[in-house]
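Subject: Structure handover

Hello,

Here is the structure I promised you. Please open it first, then read my notes below.

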Amino acid sequence: MPSHDRPTTDPRPTTGADAPAPAAPGADADGRAVTEQALFEAFGGIRGTVETILPGLLFVAIYTVSKDLHVSAIAALAVSLVLTAVRLVRRDTLKHAFSGVFGVAFGVVFAMMTGNAKDFYLPSMLYTLGLALAYIVTTLAGVPLLGLILGPVFKENLSWRTRNPGRKKAYAKSSWAWGLILLAKCAILFPLYWWANTAQLGWVLVALKLPPFLLALWLTWVFLTKAPPPIDVFAEMEAEEEREKAQRAAAERRSAEGEVLDAVAEDLGQGLAAEVAQRPQGPRHRR
C-alpha cells in the first residue's frame, strides 16, 4: 500500500500534560479560506457563473422579442464564443468556458435539427438530470462524486476514502445535497418543457440557474468547513522523495568513505610489505 494511502494514527495522548496543543485561533479561519478558494476554483466563481448564465439569458431575451429561433441561437453561440476568446487572450482557465460553449452548441444544433426552440434547453436539462443521478449513485457506491471533483483541488486526491472518514462523510453529505437539489430543479423544468411555451421555459430556467447552485455551494461549504482538514498527499509524496534522496546520498557517502578506507588500508599494507622486503637480513649462524 502506498505511503499516502496508509491509515494514520496519532499515538500521542489526548489528555494530560503530553496532550497535543490545541489548534491555533486562526486555524478555523484558514480552513474556511482554503475551502472557499477551492470551491471558487472548482466551480468557476462569479465569472464562471456569468459565462454559464449569459448565453441562455440572451437566447430567451431575443426569442421573447423576435420569436426567431435562428437569430436567438446564433446570438447565444456568438456570446459564448466571445467569452471563450476573452479567456484565450487572457490565458485564463478554459474549463468553464469550453463547457459553456459545448452546452450552447449542443442546444443550438438540437434546436436547429428539430425546429423547436424549446429544444435549445433540452441538452442542458438532460445534463442536469444525469449529473443529479451521478451525485446520488456515486454516493451510494461509497465514492461521492464531489470528493472526486474536489480531491485534486485540495491536493488530497482519494486519501479521504481510507484515511479521513470525517471528510468522506462531508463529501457524502455534499453530494447528497447537490443530487437532491438538482433533482428538484429537474422536477420543475421537465413538466414545463412539455406544458409551457419557449419563453416561459427559458425564463424559468434562467431564474433557476443561480439559486439552486448557490444553495448547493453553501451547503458544501458548511459541510467541508466542519470536516477534518484535507491530507496533502502531494506534500507527503514530496517529503517521501526527499527522504529517499537523503537515504541514497547517505548510502553513497558511506560507500565512498568505505572505499577511501579500503584504499588507505591497501596502501598501508603495501607500504609495510615493501618496508619488510627492503629490510636487510642479518648473518646466518653456523651450527
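Helix α10 has 16 residues, which should span 22 Å at 1.5 Å a residue. The expected span is 1.5 Å times one less than the number of residues. The end C-alpha atoms of α10 are 22 Å apart, so the two values agree.

A word on the source. This is a predicted model, where local features need pLDDT of at least 70, side-chain atom pairs count only at pLDDT 80 or more, and totals for chains, interfaces and linings use all residues. Residues are numbered from 1 along each chain as its sequence is written, and side-chain values use heavy atoms, with hydrogens and water left out.

The protein has eleven helices and zero strands. Helices (H or I, at least four residues) and strands (E, at least two) are DSSP runs, numbered from the N terminus. Of the 287 residues, 32% count as buried (under 20% relative accessible area, 1.4 Å probe, protein chains only). Buried residues in α10 include Phe 213, Ala 216, Leu 217 and Thr 220.

Now the packing. Helix α8 (residues 165-195) meets α10 (residues 210-225) at about 170°, with the axes 9 Å apart. Axes are lines fitted to C-alpha atoms over the stretch in contact, and angles run from 0 to 180 degrees between N-to-C directions. The pair is therefore roughly antiparallel (over 145 degrees).

Which residues of α8 and α10 make the contact? Among them are Tyr 171 and Trp 178 of α8, and Phe 213 and Leu 217 of α10. Contact means heavy atoms within 4.5 Å.

Best wishes

Methods. Parallel < 35°, antiparallel > 145°, perpendicular 65-115°, else oblique. Buried < 20%, exposed > 50% of the residue type's maximum accessible area, 1.4 Å probe, protein only.
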